[in-house]
Amino acid sequence: MGPEYTTEQLAVANNAIIRMAVESWRFSRAFERMLIKLDVGEQQRHASQLRWFLKRIDDSLEECGYFVVNVEGHPFEPGLAATPLNIDEFDVNDSLVVEHMIEPIIMSKQEECLIRPGTVTLRRSSI
């Protein structure tokens, strides 16, 4: 048999997994911005490596019963599980869309509940 872990140890490990997923998301966004500066051949090779890395992160999260929610391009509504950093730039009557996910929303597959809210920036809808 393997070692037995306390509830506290499992909670610490769980939180570490979630933090790594969020930081991986942030790193992937920075990596995508860097890819634009490379020539096309280099872009394709490194983009493939990034896709593989993100798939591994998603697979690991799934093993833990979690998944990432990306709401970029979706309408922003009160109650969205994300904190808008620039909400004060808009009027109450503005129709808003999520422009960028700064940090992803992490959800639990088992209970369909929020594990960690995301962070976003907004823009006015063009519609």
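Let's start with helix α2. At 1.5 Å a residue, its 24 residues should span 34 Å, and the end C-alpha atoms are 35 Å apart, so the two agree. The expected span here is 1.5 Å times one less than the number of residues. Helices are DSSP runs of H or I with at least four residues, strands are runs of E with at least two, and both are numbered from the N terminus.

A word on the source. This is a predicted model, where local features need pLDDT of at least 70, side-chain atom pairs count only at pLDDT 80 or more, and totals for chains, interfaces and linings use all residues. Residues are numbered from 1 along each chain as its sequence is written, and side-chain values use heavy atoms, with hydrogens and water left out.

Now helix α1, residues 7-35. Its 29 residues should span 42 Å at 1.5 Å each, and its end C-alpha atoms are 42 Å apart, which agrees.

Which residues of α1 are buried? They are I18, A21, V22, S24, W25, S28, R29, F31 and L35. Buried means under 20% relative accessible area, exposed means over 50%, and partly exposed is in between, with a 1.4 Å probe and protein chains only. The cover over these residues includes α2 (40-63), β1 (66-69), β3 (96-103), β4 (105-108) and β5 (114-116).

On α2, the residues H46, A47, L50 and L61 are buried. They pack against α1 and β1. Contact means heavy atoms within 4.5 Å.

Next, the helix pair. α1 and α2 pack at an angle of about 165 degrees, with axes 11 Å apart. That makes α1 roughly antiparallel to α2. The cut-offs: under 35 degrees is roughly parallel, over 145 roughly antiparallel, 65 to 115 roughly perpendicular, and the rest oblique. Axes are lines fitted to C-alpha atoms, for helices over the stretch in contact, and angles run from 0 to 180 degrees between N-to-C directions.

Who meets whom? From α1, the contact has I17, A21, S24, F27, S28, F31, E32 and L35; from α2, it has Q43, H46, A47, L50, F53, L54, I57 and L61.

Look at E8, also in α1. E8 is exposed, at 63% relative accessible area. E8 and F27 are 19 residues apart in sequence and 28 Å apart in space, C-alpha to C-alpha.

Last, L114, in strand β5. Its relative accessibility is 40%, so L114 counts as partly exposed. Leaving out residues up to four places away in sequence, L114 touches A81, I105, I106 and M107.
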